[in-house]
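Subject: Structure handover

Hello,

Here is the structure for your files. My notes follow below it.

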Amino acid sequence: MALSDEPAAGGPEEEAEDETLAFGAALEAFGESAETRALLGRLREVHGGGAEREVALERFRVIMDKYQEQPHLLDPHLGSGSRCVPQAGLELLAPSNPALASHSAGMTEWMMNLLLDIVQDQTSPASLVHLAFKFLYIITKVRGYKTFLRLFPHEVADVEPVLDLVTIQNPKDHEAWETRYMLLLWLSVTCLIPFDFSRLDGNLLTQPGQARMSIMDRILQIAESYLIVSDKARDAAAVLVSRFITRPDVKQSKMAEFLDWSLCNLARSSFQTMQGVITMDGTLQALAQIFKHGKREDCLPYAATVLRCLDGCRLPESNQTLLRKLGVKLVQRLGLTFLKPKVAAWRYQRGCRSLAANLQLLTQGQSEQKPLILTEDDDEDDDVPEGVERVIEQLLVGLKDKDTVVRWSAAKGIGRMAGRLPRALADDVVGSVLDCFSFQETDKAWHGGCLALAELGRRGLLLPSRLVDVVAVILKALTYDEKRGACSVGTNVRDAACYVCWAFARAYEPQELKPFVTAISSALVIAAVFDRDINCRRAASAAFQENVGRQGTFPHGIDILTTADYFAVGNRSNCFLVISVFIAGFPEYTQPMIDHLVTMKISHWDGVIRELAARALHNLAQQAPEFSATQVFPRLLSMTLSPDLHMRHGSILACAEVAYALYKLAAQENRPVTDHLDEQAVQGLKQIHQQLYDRQLYRGLGGQLMRQAVCVLIEKLSLSKMPFRGDTVIDGWQWLINDTLRHLHLISSHSRQQMKDAAVSALAALCSEYYMKEPGEADPAIQEELITQYLAELRNPEEMTRCGFSLALGALPGFLLKGRLQQVLTGLRAVTHTSPEDVSFAESRRDGLKAIARICQTVGVKAGAPDEAVCGENVSQIYCALLGCMDDYTTDSRGDVGTWVRKAAMTSLMDLTLLLARSQPELIEAHTCERIMCCVAQQASEKIDRFRAHAASVFLTLLHFDSPPIPHVPHRGELEKLFPRSDVASVNWSAPSQAFPRITQLLGLPTYRYHVLLGLVVSLGGLTESTIRHSTQSLFEYMKGIQSDPQALGSFSGTLLQIFEDNLLNERVSVPLLKTLDHVLTHGCFDIFTTEEDHPFAVKLLALCKKEIKNSKDIQKLLSGIAVFCEMVQFPGDVRRQALLQLCLLLCHRFPLIRKTTASQVYETLLTYSDVVGADVLDEVVTVLSDTAWDAELAVVREQRNRLCDLLGVPRPQLVPQPGAC
């Protein structure tokens, strides 16, 4: 019998449950067989090093990594073990060994053949052999060494050759660690031969007085030496030791010696040094493997000694996770050695473990047979060795370790040990595990306790009598969430608790879990829907599904699973607001879900969860209105004065949402909300603001949350039509809204927008409900006070204050604006105007535009009423304000903040234009519509992707609007052909590759040419590579199409010059424009103009370039100008002479970089355009340009520059007193 067939110390109960493997990946076979064969066949050509070797190695690694989750697909291509040992490898790496036997290769598979053939070939160099072992290691990493080792030759004749190969390796060669790793594993599999190693020694006395080491001694020496190395060979050495020491012929003579060596190593080593950690790691691995694979009777005499030595190492105090894990692993192996291998007769056994059989029995109307639980234990009288108690104590400590891998190993050890203990002692172990679930314990203890309970349940060691205690703690673990600073811990605990529920579904009969079905099902549903973390929600969904399938007792299980499946619970908002409503439709889950939200989620540390919980309560209150009004609402009101900030915030939000939900239910029956809420609840709601104000809870760090929550409360109570009209609480609410908007600048930037939106929404609802004197009429005093106060705040020096009150004016209902519309619009137009003192107030201009658009939607369109609605008298002023903001390109430290203003202006223009088109299209004048379309088209051709997409959306919306069509759209027919309605949804305008080829077609339409070209210029001169590439390609394609049309080319060039002239010294446009000119001149787009001397285009372009760079210190502008001047020498006549003169001036610029760049580009230009200078002086000019050190002193450089001027025939520049270009 081979040694591998001997019974292990772990015992039969450690074998995994025999179940069908379900592979989730989609691969069906090893699809890269041909490529891999070719790759291995080329190893002889690429082994020498360099790029080809690395490419081959990396490609093989990529191929193998695809099969990490399905390694079994490699099996048909790997090979079998009947192969000779690589003799050539020995001849290459060591002296020839005649004892090496050859074997017939009976293997039909090819991958192992190809690699071992390389090692076997006598002509293979060392680098090739090492490369072959690297490939073997990659296969081992994917397939696993336990499976792959069986394929290596492992006959008697293989022992010495492999041993010789290992012996000659250099442990310090860091490039060949894969070779040593694979050879040690290979040697370990040869140790399984069922022959005594002493037979292989022969005569150890080779010469008189000289003795050879025996095979046993050599293997042990190699194993011990590699147990203390720092690379992965240490792991293989531990495997080798476990296979070698447990051999029948070795354990008698070597086991005690090796164990003594190991314990001495452990005693001398310290986990506080790197070498000590390495030594302890290898030794602990070896000991754990020996006590795992060795026979109990062989290991038992040494177990107590090893345990004492391990106690002395104090591994739990180490900060090395791996050492603590190996310590726990070794401790449990020692414990299993103390106890006899047996299957506990008292364990719980479920009658049928097959899911298919379960379902078949259910369909046939049968039930599973009652499981047999033996309460009598035949071995109850057996003495438990004294070391067992210490082992279990250490495992219980391991359950509380700070690292998951250690806790998981300890949990498995608890399960294994309990399976060999008498029932009473095993029950004590369960009680000790349950002690982990104390609120004095950390989350680590809770997590370890859950893992241990799952292991005990899975193995049938958790008897049904204990389920009452266990289920109680698991229900607590499913909602475990402990706040730590700004976050919380407990995600792993909740995930492990779901695992326990999953394991219990497979371990117990339905009748055992029947008393707990309601509690477990509700807890799992709550975790699947309301947990903050996606992993926990998915784990709970999986556990619920397992219980539905295997238990069949969960109420409405199939219906819930259909809705709350693995993918559906991935979206948190969908869980809280949609799935929860569906599940709450089943009465068994409604109240537990509401209770959980009120108890746990309303006071959650994460503000997003609190808000979602409040909104979920709004939805669920409509499922259980009576319960919400009589039970939930009083609890929420009592929590609004809690000292805990989060609880106060969440409870106020929840009160608002539940009250509004009850109002909507009452409104459906034409009843007031007070029919659901009693007088005490109404008074409680009314007093919330005053109580917070009296306690000064609107101040300080928590004041932001309180203000936001009370603003939501004001909004919801106003929408609920609470009977507070004329009450003093309205004044308090109004004060809070005004004070919040006035002090927005004091609120943290990350919550400022949310606060602003909440206050504005509250104001809109408050005014609509409580400030209307008669239908459609406002209280004059309130109207005067509000409008006057808000308009005054628009001139506040704080930008955020302007933002808040702008949006507040925009949110006012129509009856408050009646008679004051012109005054309000004038104030908002002033906010949108850019003045020198508030040029950086981009956000206030944005919100002012939003307010104007919202007011227009509120008041509507009405002829002849400029103070009540939009009409002919004020529409031009509104359009003027909106269009004026389309040119806002303000930048600051945040970047192009003007984009916020331009985006708001585009949206407002679209909303206003559509509003007018629906009611009075005659108010849209032709020049206004033209300007709108041109400005939007310009934005659609600029460089920022998301704003380009928004502009394109606005442009196409205005073009294709047909209820009725927008009047006076320029070139409507051509536009509809260029942008058909069918393409609107398919084009991704944020992608430069799709946007620019379409938008450049507008260059052919005269009305749009200027604005589109202006936008393209900015894009083409930008920084983003994809934007530059696609905008340049699109522009060149257009210009290529008009080369044969002089009129179109002249019109295009005129537009380009007009853009240059209009934006002279405007850095935003001029620098990109110079880059654009360089591109188009370099690509010969204006070659037709070079045939005419002093063409008007060239003359004007030269004059504009000179003005642009005059006295400039902008390096980028100067570099772009140099490139343009160099390209302009291709124009004959005076333009060429003037361009050369400008370049000569730049050769003596104050910046050395400019001088060097100018010389370099002039050199290239003269070689490109050979007709610029005469052939007789060309060589001399080129020599001066290339040989002069242009970054030297100006006096030296100026002399060479003047020489160039003479050669080029341009006048020498003269020094002037004021600073100039040179």
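Gly557 lies in helix H27 (residues 557-563). Helices here are DSSP runs of H or I with at least four residues, numbered from the N terminus. Before going on, two points on provenance. This is a predicted model, in which local features need pLDDT of at least 70 and side-chain atom pairs count only at pLDDT 80 or more, while totals for chains, interfaces and linings use all residues. Residues are numbered from 1 along each chain as its sequence is written, and side-chain values use heavy atoms, with hydrogens and water left out.

Back to Gly557. With a relative accessible area of 5%, Gly557 is buried. The cut-offs are these: buried is under 20% relative accessible area, exposed is over 50%, and partly exposed is in between (1.4 Å probe, protein chains only). Leaving out residues up to four places away in sequence, Gly557 touches Phe544 and Val548. A contact means heavy atoms within 4.5 Å. Arg143 is 414 residues from Gly557 in sequence, and their C-alpha atoms are 39 Å apart in space.

**Helix H54**

H54 covers residues 1134-1146, 13 residues in total. From first C-alpha to last, H54 reaches 18 Å, close to the 18 Å expected at 1.5 Å a residue. That expected span is 1.5 Å times one less than the number of residues.

Why is H54 largely enclosed by the rest of the structure? Because 10 of its 13 residues are buried. Among them are Val1135, Arg1136, Ala1139 and Gln1142. Cys1144 and Leu1146 of H54 are also buried.

**A helix pair**

Two packed helices are described by the angle between their axes and the distance between the axes. Helix H13 (residues 248-268) packs with helix H14 (residues 274-293) at about 145°, and their axes are 9 Å apart. Axes are lines fitted to C-alpha atoms, for helices over the stretch in contact, and angles run from 0 to 180 degrees between N-to-C directions. The H13 and H14 crossing is left-handed. That term applies if the near helix is turned anticlockwise from the far one by less than a right angle; clockwise is right-handed. H13 contributes residues including Met255, Phe258 and Leu259 to the contact. From H14 come residues including Thr279, Met280 and Ile290.

**Salt bridges**

There are 59 salt bridges in the structure. Each is a side-chain nitrogen of Lys or Arg within 4 Å of a carboxyl oxygen of Asp or Glu. Some examples:

- Asp65 and Lys141 pair at 3.9 Å, N to O. They link distant parts of the chain, 76 residues apart: Asp65 is in helix H3 (residues 51-65) and Lys141 in helix H7 (residues 126-143). Asp65 is partly exposed at 33% relative accessibility. Lys141 is partly exposed too, at 36%.
- Arg324 and Asp401 form a salt bridge with the closest N and O atoms 2.8 Å apart. Arg324 is in helix H16 (residues 321-338), and Asp401 is 77 residues away in the loop between helix H18 (386-398) and helix H19 (404-418). Both Arg324 and Asp401 are buried.
- Arg846 and Asp847 meet at 3.1 Å, N to O. Arg846 is buried at 12% relative accessibility, and Asp847 is buried at 1%.
- Asp481, Arg494, Asp531, Arg532, Asp533 and Asp606 are linked in a salt-bridge network.

**Cysteines**

How many disulfides does a search of the whole structure find? It finds 0. A disulfide is a pair of cysteine sulfur atoms within 2.5 Å. Take Cys264: the closest cysteine sulfur, in Cys309, is 8.2 Å from its own, too far for a bond. Cys1085 is in no disulfide either; the nearest cysteine sulfur is that of Cys1105, 16 Å away. Cys264 is partly exposed at 30% relative accessible area, whereas Cys1085 is buried at 6%.

**Backbone points**

Ser963 and Pro964 are joined by a cis peptide bond, with omega about -5°. Pro964 is in the loop between helix H45 (945-960) and helix H46 (972-978).

Gln696 is not a glycine, yet has a positive phi of about 60°. Gln696 sits in the loop between helix H33 (679-694) and helix H34 (703-719). Asp1094 also has a positive phi, near 50°. Asp1094 is in the loop between helix H51 (1067-1082) and H52.

Best wishes

Definitions and conventions. Helices (H or I, at least four residues) and strands (E, at least two) are DSSP runs, numbered from the N terminus.
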